[in-house]
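Welcome! Have a look at it first, and then read on.

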Amino acid sequence: MLPRMYVSRPRLLESLSQATQCKLTIVCADAGYGKTSLVTEFTRSTSLRSEWHQLTRSDRDAVRLAEGLEGCLRRLANGSEPAGTVGTRLRRAKARDVHILTDFLLTLADHTGPEVAYLILDDYQKVDQEADANLLLGSLIENSPPCLRFVVLSRSVPRFSLGKLKARQEVCTIEEDALSFTVDETAQFLNCSGGSGLEDGTVALAQERTEGWPAGIAMVSQSLRFGGQDKVMTVLADPAASAWLVYDYLAEE
C-alpha cells in the first residue's frame, strides 16, 4: 500500500524498469528512503506478473523461508506445477537439508514461465545474518529460469553469492543516492502535503537539513502543517533543534 502522501517519481520508475531487465535488482537503502513505496508503484504500473514476500525474523529458519517462497512460486506457476510440498520433501529425506529445499523450489520455478514474472523479497536485512537463508536465496536466484526475475529490498547489501550473476551482468542496484529526493521532488512533496506557497529558502533549507531523506522531508511537511513556516524555519536553521524532528523515527527503527 502506498503512503497517504506520496509523490510519484517517474525518474525512479524508469530506472527500476530498466534495472528489472536483469535477473536480480537490489534496492538498497536505510529506513525511510521509500524502497517499498517505489516498488509498489512499479508493480501497479506494469502488467507483468509479480508476487511479494515480506521477510520476517521467522524466515531466518530455512524451512519457514522455503514455505513462504513456495507459496509465491505456486501462485506464479502456470497450473502445471509439481505435487508435494517443502514439508513432504523433508519428511521423505528425513533431514533439514537446504539443498533439498532449493531443489524443490527450483522445480517450482521452472513452471513459472514462459512470460516474465517478478518475485519481490522485502526486508532482506531481517535474514541477512543466516547462512542457510543466504544459501537458499542465492541458489534460487542464480539457478532459476530466465523468465523469473527477483527484486530484493534491503537496508543492507545482500550476503548471498552474486559472483556468477555479476559476471553475466545480471545484477543492477538502486541505492540511497538515487532514492534521495531532488530539490524539485522536495518542493513537490511539501507543497502537496499542505505547505503550498513555500518560499524557495524554506525548500532549500529542508533539502539541506534532510539531505533528501524522504522520511525526514515527510516530518518537515507535518511540522509545516501544524507549526507554520516561520516556526519550522527556525527549527531547521538550528542543527541541534532540527535533530529532534527525526529522533522518534530513528529510535523506533
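Let's begin with a pair of helices: α3 passes α6 in a right-handed crossing, meaning that the near helix is turned clockwise from the far one by less than a right angle. This is a predicted model, where local features need pLDDT of at least 70, side-chain atom pairs count only at pLDDT 80 or more, and totals for chains, interfaces and linings use all residues. Residues are numbered from 1 along each chain as its sequence is written, and side-chain values use heavy atoms, leaving out hydrogens and water.

**Where α3 meets α6**
- On the α3 side, the contact (heavy atoms within 4.5 Å) is made by Ala 62, Leu 65, Ala 66 and Leu 69; α6 brings Asp 132, Ala 133, Leu 136, Leu 137 and Leu 140.
- These contact residues divide into eight nonpolar, no polar and one charged.
- The axes of α3 (residues 62-76) and α6 (residues 131-143) come within 9 Å and cross at roughly 30 degrees.

**A closer look at Leu 137**
- Leu 137 sits in helix α6 and counts as buried (under 20% relative accessible area, with a 1.4 Å probe and protein chains only), at 1% relative accessibility.
- Beyond its neighbours within four places in sequence, Leu 137 touches Leu 65, Leu 69, Leu 121, Tyr 124, Val 127 and Phe 160.
- Leu 137 and Leu 65 are 72 residues apart along the chain, with 9.1 Å between their C-alpha atoms.

**Helix α1**
- In α1 (residues 10-19), Leu 12, Leu 13, Leu 16 and Ala 19 are buried.
- Seen down the axis of α1, these buried residues fall within an arc of 125 degrees, so they line one face of the helix.

Note on methods. Axes are lines fitted to C-alpha atoms, for helices over the stretch in contact, and angles run from 0 to 180 degrees between N-to-C directions. Helices (H or I, at least four residues) and strands (E, at least two) are DSSP runs, numbered from the N terminus. Ala, Val, Leu, Ile, Met, Phe, Trp, Tyr, Cys and Pro count as nonpolar, Asp, Glu, Lys and Arg as charged, and the others, Gly among them, as polar. Buried means under 20% relative accessible area, exposed over 50%, partly exposed in between (1.4 Å probe, protein chains only). The arc is that of the directions from the helix axis to the C-beta atoms.
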